[in-house]
Amino acid sequence: MEYLTDWVTTLIVFILVAVLIEMLMPSSKFQRYIRLCLSLTLMVIILQPLFYLFQRDIHSFLPEYYEGEIVSAEWMEEKMIQKKTEIQAGQDAYISEQMAEQMELQVAEEVEKKWNMELSRVEVEFWKTLTQTLLILVRLFLYMSH
């Protein structure tokens, strides 16, 4: 930020000096050359921030404007894999819940049809083994009237 204020100050001072020189300059054949020199100097002053950027090391320039850590590609990849795993776990939980609800309804209907019994509750649980095999446990709670 300090560099920017210095640059603007330099630009304003030069423009004031150039206007003063133009006003004091007599009409002569050198007027064209003096204007050329002033214009070239003004262009150099205007382009000075670009020269400044190209002279600086980009890694020393970025932290001034970025207060966080500069992250590596490995860290980003690790974070992406972690987010992917979280999303997949959420999707698996949702799918398991939906499957459990459907299985509960189907089991209740089948028990009523086949054995003419009313279920008070059906519980369905899912487990994944280390080999990613899905195990399903269904508990039936029958309603018995005396």
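Q: Where is the kink in α2?
A: At L47, shortly before the proline P49. The bend there is about 45°. Bear in mind that this is a predicted model.

Q: How many residues does α2 have, and what does it span?
A: Helix α2 covers residues 31-55, which is 25 residues. From first C-alpha to last, α2 reaches 35 Å.

Q: Switching to charges. How many salt bridges are there?
A: The count comes to 2. One of them pairs E22 with R35.

Q: How far apart are the closest N and O atoms in E22 and R35?
A: They are 3.2 Å apart.

Q: And which helices does that pair link?
A: E22 is in helix α1, residues 2-24, and R35 is in helix α2. The two are 13 residues apart, so the pair counts as linking distant parts of the chain.

Q: What about the surface, which residues make up the negative patch?
A: E109, E110, E112 and E118 gather there.

Q: Which helix gives the most to it?
A: Helix α4, residues 73-115, with 3 residues. E109 has its place in α4.

Key. Residues are numbered from 1 along each chain as its sequence is written. This is a predicted model: local features need pLDDT of at least 70, side-chain atom pairs count only at pLDDT 80 or more; totals for chains, interfaces and linings use all residues. Side-chain values use heavy atoms; hydrogens and water are left out. Helices (H or I, at least four residues) and strands (E, at least two) are DSSP runs, numbered from the N terminus. The expected span of a helix is 1.5 Å times one less than its number of residues. The bend at a residue is the angle between axes fitted to the seven residues ending there and the seven starting there. Patches are made of residues with over 30% relative accessible area and no salt bridge: like charges are joined within 9 Å, nonpolar side chains (Val, Leu, Ile, Met, Phe, Trp, Tyr) within 5 Å. Accessible areas come from the Shrake-Rupley method with a 1.4 Å probe; for residues, only the protein chains shown count as cover. A salt bridge is a side-chain nitrogen of Lys or Arg within 4 Å of a carboxyl oxygen of Asp or Glu. Lys and Arg count as positive and Asp and Glu as negative; His and the chain ends are not counted. The place of a charge is taken as NZ of Lys, CZ of Arg, CG of Asp or CD of Glu.
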